Amino acid sequence: MQAFLNKLDSLLASKRAAYYATLQPGLSTEEITALEKEFNVTIPADLRALYQWKNGQRDDSYEAFVNNSMFLSLEHALATAKEHTAMIGEDFELENWWHPAWIPIFDNGGGDCICYDTAGVFTGIRGQIIEFWHADNDRNTIAPDLTTFIISLNQLYTTTAAEDFDEYFEVKAPEGYPKGNYAGES
């Protein structure tokens with residue numbers, strides 16, 4: 001994972017320098033451990049590596065990191081997951097509208113996010129990357145794991161000229177993805 005994050009770091013710094021400057025320094029092991037205790041979660045090794053690389057983007061930066069979504073700080077991601085989980089059975093009545101095992105790592109600011117799935121909801125694959133749409137029941141799995149997602153992001157940056165990054169750009173899903181899932185299905 002670290003080699004792929006190093007490549008992403010280099011690509012972001014060279015192709016989107018102004019955006020790269022808005023990324024926050026990575027978290028220490030102690031800082032991640034403190035957040036795990038505060039939110040009563042265990043952060044998987046690959047997600048931990050992502051947040052040790054960079055802790056999301058600054059709150060005053062609204063540029064997209066990927067797929068029209070901003071990169072959330074780990075604290076913001078865990079707080080959002082906790083808030084959504086508290087809505088299960090109240091606002092979220094349909095099975096798997098939201099799942100407590102999802103950690104939103106990228107968010108578009110409109111209630112939609114790209115989540116790290118710690119339980120493998122729908123497929124049984126822990127660590128898959130899944131989309132959450134606040135107004136639709138689509139819950140597509142867009143990558144089998146975070147490493148594959150980062151590799152796809154690196155491919156996008158490698159093959160796209162710096163001037164071609166605008167307000168919306170989307171990572172091409174790996175072969176066989178996305179996999180269609182829907183809230184209300186197990």
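## Exercises on helix packing and sheet order

Of the 9 residues of helix α4, 7 are buried (under 20% relative accessible area, with exposed over 50% and partly exposed in between, using a 1.4 Å probe on protein chains only), so α4 is largely enclosed by the rest of the structure. The model is predicted, with local features needing pLDDT of at least 70 and side-chain atom pairs counting only at pLDDT 80 or more, while totals for chains, interfaces and linings use all residues. Residues are numbered from 1 along each chain as its sequence is written, and side-chain values use heavy atoms, leaving out hydrogens and water.

Helices (H or I, at least four residues) and strands (E, at least two) are DSSP runs numbered from the N terminus.

**Exercise 1. Find which residues of α4 are buried, and where α4 packs on the sheet.**

Step 1: The buried residues are D46, L47, R48, A49, L50, Y51 and W53.

Step 2: Look at the sheet that α4 meets. This open sheet has 5 strands in the order β3-β4-β5-β6-β7, with antiparallel pairing (two strands pair if DSSP finds at least two bridges between them). β3 (70–71) and β7 (141–143) stand at the edges with a single partner strand each, so one side of each has no neighbour in the sheet.

Step 3: Helix α4 (residues 45–53) touches β3, β4 and β5 (113–117), where contact means heavy atoms within 4.5 Å. The direction of α4 makes about 35° with that of β4.

**Exercise 2. Trace the bridges of β4 to its partner strands.**

Step 1: Strand β4 (residues 102–107) is joined to β3 by 2 bridges, and the two run antiparallel. M70 has D107 as its bridge partner, and F71 has F106.

Step 2: On to β5, which pairs with β4 over 5 bridges in the antiparallel sense. Here the bridge partner of P104 is C115.

Step 3: The hairpin of β4 and β5 has 5 residues between the strands, and in it G109 takes a positive phi near 85°.

Step 4: Check how covered β4 is: 6 of its 6 residues are buried.

**Exercise 3. Describe how α3 packs with α5, and α1 with α6.**

Step 1: Two packed helices are described by the angle between their axes and the distance between the axes. Axes are lines fitted to C-alpha atoms, for helices over the stretch in contact, and angles run from 0 to 180 degrees between N-to-C directions.

Step 2: Helix α3 (residues 29–39) and helix α5 (residues 74–86) make an angle of about 15°, with axes 11 Å apart. They are therefore roughly parallel (under 35 degrees; over 145 is roughly antiparallel, 65 to 115 roughly perpendicular and the rest oblique). From α3 come I32, L35, E38 and F39, and from α5 come L74, E75, L78, A79 and K82.

Step 3: For helix α1 (residues 2–15) and helix α6 (residues 146–159), the axes come within 10 Å and cross at roughly 30°. That makes α1 roughly parallel to α6.

Step 4: In α1, F4, L5, K7, L8, L11, L12 and K15 meet T147, I150, I151, L153, N154, Y157 and T158 of α6.
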